[in-house]
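My entries follow in the order I took them.

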Amino acid sequence: MSFDEVITQLQGLLGAQHVLHRPEDLMLYEYDASVDKGTPGAVVFPSTTEEVAALVRLAHRAEVSVVPRGAGTGLSGGSISRDRGIVIVFTRMNRILEVDVANRRAVVQPGVVNLDLSAAVARYGLYFAPDPSSQKACTIGGNVAENSGGPHTLAQGVTVNHVTGIEVVLGTGEIARFGGKCIDTCGYDVTGYFTGSEGTLGIVTEITVKLVRKAEAVATLLAIYNTVDEGANSVVEITAEGITPTALEMLDGLTLRTVEEATHAGYPMDSGAVLLVELEGLREEVEEQAALVRGVCMRNGAREVRRAKDETERALLWKGRKNAFAAIGRLAPSYYTQDGVVPRSKIPQTLRYIAEVSKKYGLTIANIFHAGDGNMHPAILFDLRDPDQLKRTVAAGADILAYCVSLGGSITGEHGVGMEKNALMPLLFNETDLDVMHRLHDAFNPGVLNPQKVFPTPRSCRETGSASLPPELRRRP
Amino acid sequence: MNDQGVVSGLEAELTGILGNEHVMPCQSNLVIDGIHTQLCVEPATAQEVADVLRVANDRKLTVIPAGGFTHQGYGNVPPRADLVLRTTRLSGIVYYDAGDLTIGVRAGTRLADVQNAVAEHRQVFAVEAARASRATVGGALATASHGPRKHSTGGVREFCVGLEFVTGDGQIAKAGGRVVKNVAGYDLMKLLIGSHGTLGIITSANFRLMPAARQTATFMAEFRTIGEAVAFRERVVKSPLSPISLELISPFAEGVSGQSPKAWTVAIKAGGSDAVLARYRGELGEDLSRELRDANEAALWSSVVEFPATMLQLNQRAMLLDVHMPAASLEPALTEAEKAATAHGFIFSAVGRAAVASLTLALSPLPGDPPSVTQYVNALSAIRAACPADGAVIVRNCPSEVKKHIEPWGSAREVESMRRVKRTLDPNDVLNRGRFLP
Ligand SMILES: Cc1cc2nc3c(=O)[nH]c(=O)nc-3n(C[C@H](O)[C@H](O)[C@H](O)COP(=O)(O)OP(=O)(O)OC[C@H]3O[C@@H](n4cnc5c(N)ncnc54)[C@H](O)[C@@H]3O)c2cc1C
């Protein structure tokens with residue numbers, strides 16, 4: 001089938017107004033929020049699960065790939081088409097289908113924006129816990145695909161801990177429903193397995209999520225330090241004390257100064273690091289823990305520990321954190337954010353290593369991260385127009401991630417592997433590990449769905465791969 | 001070749017891998033639904049597990065993975081059982097990073113050993129199962145065991161952060177890692193947890209630990225009816241309190257420490273300072289009948305975890321069911337379940353997580369009046385009918401002759417997808433053949 005024929009069929013399926021194919025219309029969909037790029041062949045906007053299934057079947061017939069896309073805020077190139085395939089966007093599948101207050105569940109379509117769900121259920125005193133900093137824009141479909149986290153997922157858990165059921169169009173074009181309002185069902189936990197699979201096993205068309213009750217009391221503390229080490233040591237000690245804050249976020253000196261200039265959150269310009277600690281729970285509990293946290297921070301050399309007096313002050317402290325990446329954007333034409341994870345006890349040495357990397361490669365690195373779970377986000381500043389800088393940036397990023405792995409950590413805590421880090425997967429997994437994952441990939445996705453992601457490319461030819469599939473699907477594009 | 005020839009050829013091959021002393025005739029107590037196994041092997045490394053499974057895979061044998069043999073009541077009667085693979089020698093803590101609240105253990109490690117090791121550091125390993133001094137970590141993962149802590153920590157799927165396992169065709173694979181947050185690669189932990197030994201043999205696993213509360217207290221409230229108990233649960237769930245456990249205990253839940261035979265009891269375990277505990281008293285108010293501390297408190301919670309084992313010990317012919325459902329269905333479902341059990345000649349009892357609505361139901365035969373197979377079958381189908389489709393009613397134990405007449409798992413949905421997973425990881429159907437999905 002020629003691509004023109006594909007376009008005609010897509011238009012027949014969805015209506016011409018829901019298919020984009022002119023180069024100027026496609027440009028918007030060449031990027032996500034990472035540094036990667038790729039032009040799709042067409043962008044389509046289905047409105048039902050059946051249409052999504054028909055799209056996947058059409059892709060099979062036409063031997064073109066399909067790539068699901070939410071808001072395109074992903075940081076690993078997950079929603080970029082690498083081979084001029086069809087990008088499926090969910091802006092027309094953005095309804096909250098059900099709010100079940102008695103069971104504390106919501107059933108949503110994948111295009112629902114994360115924050116919109118929390119807003120819609122706020123009147124019941126409930127919210128959707130995963131809160132990526134991009135929550136004003138990113139979709140729940142994207143959250144499920146990436147198993148996204150956020151500042152408050154330290155205590156509440158990441159997306160997979162909040163999804164109890166999904167409807168999916170498998171890479172084979174079949175529609176399936178796993179789980180439901182109850183995560184414990186008979187059979188394998190395919191819901192959990194699909195969550196975080198980055199759109200490489202199926203396209204999620206409906207999601208059942210948990211809703212969480214708002215806590216009675218919240219305390220937001222800001223500890224100010226002269227050095228990053230003091231802040232990092234406080235994190236280690238807070239964890240060891242057995243306190244689980246709902247959020248534990250750190251900004252280094254460079255970041256906090258930049259953020260301060262942009263948002264005037266009240267971070268002292270001459271400090272070396274700030275630690276943002278949020279505690280939630282019973283009033284009594286929060287007060288006790290706030291006192292403990294203050295003690296830990298002061299013992300570790302904090303200059304000062306501030307506490308938000310009211311919601312306005314709290315919002316201001318958070319504004320700095322939530323807009324940090326936007327602020328970093330002012331420092332250099334581009335920045336490249338890493339997402340490595342280390343055991344929490346190893347944060348201080350990891351920060352020292354990142355400082356060395358910065359010197360070694362001659363690049364400025366700003367650190368801002370989810371300290372409570374050891375999820376580092378060093379942002380490497382560079383100029384995309386300078387090929388040498390880009391090369392050094394990518395090398396510096398890989399260097400940091402290799403270090404994280406050497407400490408028993410991971411190359412990604414929440415942004416996903418995508419097309420950005422797939423070449424680094426062998427740092428974590430050997431050939432057999434990857435082969436087993438590959439086999440499980442092929443069981444649901446013979447190849448049209450989001451190809452050349454997650455796994456190191458080029459994919460080696462293997463015999464066993466699609467043995468469990470019906471013969472007509474044992475094909476690789 | 002006759003059966004004897006198969007066994008001796010096989011024995012020689014296995015001995016070559018494991019040495020004489022770790023290939024042995026099966027002990028007579030390792031019987032599953034009346035099916036005896038000839039041989040038992042005890043590998044000590046993941047590599048040995050892989051070597052054994054390759055042999056089984058080549059010969060298309062069936063292998064029964066086993067830990068402490070405490071949760072083998074699940075599933076269909078095995079059509080064949082050639083080998084029991086015990087994880088006894090795959091034991092020990094691989095690493096324990098108390099500062100990071102993470103631990104890695106080998107699959108054959110006893111739950112109690114891990115629980116005790118971390119308790120010394122005032123931390124909690126939240127995997128719970130009956131007979132913790134025999135049950136193993138691998139078995140608890142495979143059966144997705146849970147206890148009262150599930151209320152606050154969620155099931156083991158929520159805090160198992162990494163896994164190593166061997167596929168049915170003998171490949172050693174791992175997923176996840178050691179750190180508490182990680183999205184690299186597929187989350188195969190989710191597939192293996194609750195797979196009842198049908199997708200792979202788990203050889204080791206890594207977990208997030210929880211800090212232990214400095215002190216705890218347990219508040220008991222007793223009600224005449226399930227309706228009142230569930231109304232109380234709703235009050236707790238809507239209050240600002242966030243207890244460690246929120247447990248429902250029915251009348252006749254024998255063996256549960258201090259349980260009154262007539263009442264529906266809600267037990268709330270809380271942790272925190274004196275001020276926090278005082279707040280619980282204040283919020284829960286006059287509904288509270290008792291407060292347990294120290295030894296009494298510990299006795300209650302261990303008897304709650306032991307409930308399924310106790311009920312079976314009291315009556316070998318009891319039928320035990322694991323039920324899961326959306327929280328709002330609990331009252332109507334349990335009301336109907338109790339009626340159905342009584343109507344078919346059983347004594348009904350239930351213990352489990354009131355708010356997550358995951359419970360164990362026990363149907364115990366009346367003394368002196370053993371129910372017929374039909375009575376078991378009818379009681380089960382009436383209970384299934386009373387429980388919502390969004391959930392599960394899984395038979396945990398029942399007499400072997402009953403098993404042949406029931407679906408122990410209920411009706412699984414999306415069986416074709418499940419089969420795809422199974423065929424991918426265990427192409428020759430070596431692992432627990434016939435015991436899981438239809
Ligand atoms: C400023 C900023 C801050 C961020 N902060 C965080 C943070 O705190 N924590 C965090 O975890 N992430 C964060 N992110 C990353 C990103 O926002 C998340 O990964 C988010 O979940 C992506 O959602 P999206 O709708 O934009 O998905 P996209 O970027 O469009 O897609 C992401 C992946 O999901 C797949 N996908 C999308 N929809 C579906 C579907 N329906 N079915 C199957 N697959 C699908 C895509 O193919 C792709 O692989 C941040 C990004 C930015 C730009």
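Predicted model: local features only at pLDDT ≥ 70, side-chain atom pairs only at ≥ 80, totals over all residues.

Entry one, a helix. I checked the length of α13 (residues 347-361) of chain A: at 1.5 Å a residue its 15 residues should span 21 Å, and the end C-alpha atoms are 21 Å apart, so the two agree. I then looked up which residues of α13(A) are buried, and found I347(A), P348(A), T350(A), L351(A), I354(A), V357(A), S358(A) and Y361(A). Among the elements that cover these buried residues I noted α8 (228-240), β13 (247-252), β17 (365-370), β18 (378-382) and α14 (387-406), which belong to chain A. After α13(A) comes G362(A), and I read its phi as positive, near 60°.

Entry two, the interface. I counted 84 residues of chain A and 71 residues of chain B in the contact. The two chains bury about 6300 Å² between them, and carbon and sulfur atoms give 56% of that area. On the chain B side, K181(B), V183(B) and Y186(B) supply 15% of the area buried against chain A, more than any other three residues.

I found eleven salt bridges between chain B and chain A. One I looked up joins the side chains of E174(A) and R420(B), at 2.9 Å from N to O.

Which element gives the most to the side that touches chain A? I found α13(B), with eight residues. By class, I have 34 nonpolar, 17 polar and 20 charged residues on that side of chain B.

Technical notes. Residues numbered from 1 in each chain as written. Chains lettered and ligands numbered in written order. Heavy atoms only, no water. Contact = heavy atoms within 4.5 Å. Buried area = accessible area lost by both parts, 1.4 Å probe. Salt bridge = Lys/Arg side-chain N within 4 Å of Asp/Glu carboxyl O. Helix = DSSP H or I, 4+ residues; strand = E, 2+ residues; numbered from the N terminus. Nonpolar A, V, L, I, M, F, W, Y, C, P; charged D, E, K, R; others polar. Expected span 1.5 Å × (residues − 1). Buried < 20%, exposed > 50% of the residue type's maximum accessible area, 1.4 Å probe, protein only.
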